[in-house]
Amino acid sequence: MDKLISSKQNIQHVPESYILPPERRPGKVVIPSSKCIPVIDLRGNTDRQELVQRIMKACQDFGFFELTNHGIPEDLMHDVLKVAEEFIQLPVEDKANFYSDDPAKKCRLYSSIDHDQEKVHFWRDSLRLPCHPLEDFVEEWPNNPARFREVIGDYAVRVRELSLLLLDLIREGLGLESGYFEGDLSKTHMLNFNFYPPCPDPSLTLGLPKHSDPNLITVLNQGAIPGLQVLKDREWIAVEPIPNAFVVNIGHTLQVISNGMLRSGDHRAVTNAFVARTTIASFIHPSSEYQIQPANELINGCGIPLYRPFPYLEFIRNYIKDTRDGNPALKRYELSQA
Ligand code: OGA
Ligand code: NI
């Protein structure tokens with residue numbers, strides 16, 4: 001529990017164990033306006049074909065887009081962040097039940113990424129909750145603040161529906177059969193609440209290091225405070241918050257299924273010196289046993305598979321280690337094209 005960065009009082013200096021070696025520090029970011037990530041209006045696009053093409057292009061070029069007009073009410077977008085902040089501000093003893101250093105525990109509060117295994121810690125605490133089906137998990141969630149389960153439960157159901165809708169649009173863009181992403185492939189749904197307290201010197205730390213998400217699709221409510229950056233053509237681009245928009249990105253699993261047509265974008269979170277930043281990431285994952293591989297439809301005929309099949313659970317284990325060591329997580333599954 002004393003590992004939580006948000007529980008430390010009056011931090012005047014960045015503790016040694018959070019200071020990154022100079023080559024891994026965030027540095028200066030220049031945002032070339034021409035490279036801002038695409039903004040897609042979900043309901044304003046009356047032509048479905050055009051919407052599909054816009055999403056596909058964003059997922060090919062960036063692996064990222066911002067989504068407006070998505071149908072999740074503005075009140076709820078704010079409320080979930082507020083309830084999350086109320087949770088992290090509770091006295092330590094009220095959160096202690098949820099704290100765990102065991103990465104295998106599904107429902108848990110923890111700090112950084114893998115606190116006991118990593119050389120340098122990141123300036124983030126996280127609450128991770130399994131969400132689907134809701135009735136199987138909601139009893140394990142915090143019930144303090146009193147409205148936590150109700151507000152977050154409502155949000156979890158809606159954000160899962162939205163994620164499945166986006167996956168269906170991507171399915172259409174890839175030319176895969178109807179229902180391709182349903183069932184075991186999109187069975188697991190997790191919410192990750194990220195808490196980034198103000199940091200006395202943001203130039204020395206990161207909230208999250210460079211990574212791509214391992215899952216199929218991530219839908220992030222990043223609130224109004226900037227901090228997310230996306231790597232494009234070797235430059236870091238800050239993703240400016242758009243009020244009530246989501247940031248959507250595709251993960252390694254979708255890159256493999258699309259046989260490399262879509263790419264998962266590298267990203268990271270920087271810290272700031274003035275305000276606490278809270279974000280909520282919604283992850284759609286396959287079930288652990290699912291065999292991930294390029295879709296047959298994209299290989300039969302003239303295509304050549306770029307990746308060998310692998311079970312999702314094995315991938316996740318390697319992903320954690322590879323990301324910690326700074327190695328690209330899909331490298332070990334690539335097939336040589338010689
Ligand atoms: C994540 C992530 C970014 C952010 O949770 O995987 O990349 O800005 N979060 O919190
Ligand atoms: Ni991420």
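How far apart do the end C-alpha atoms of residues 186–286 lie, and how much of the span is helix and how much strand?

1. The end C-alpha atoms of residues 186–286 lie 5 Å apart, and the span is 6% helix and 44% strand. Helices (H or I, at least four residues) and strands (E, at least two) are DSSP runs, numbered from the N terminus. UniProt lists these residues as "domain: Fe2OG dioxygenase" in an unreviewed entry; such annotations may be inferred rather than shown by experiment.

2. The model is predicted: local features need pLDDT of at least 70, side-chain atom pairs count only at pLDDT 80 or more, and totals for chains, interfaces and linings use all residues. Residues are numbered from 1 along each chain as its sequence is written, ligands are numbered from 1 in the order in which they are written, and side-chain values use heavy atoms, without hydrogens and water.

3. Because His211 lies in strand β6 (residues 208–211) and His267 in strand β11 (residues 267–269), the pair ties together parts that are 56 residues apart in sequence.

4. Helix α5 (residues 148–174) has 27 residues and reaches 38 Å between its first and last C-alpha, close to the 39 Å expected at 1.5 Å times one less than its number of residues. Gly175, with a positive phi near 75°, follows α5.
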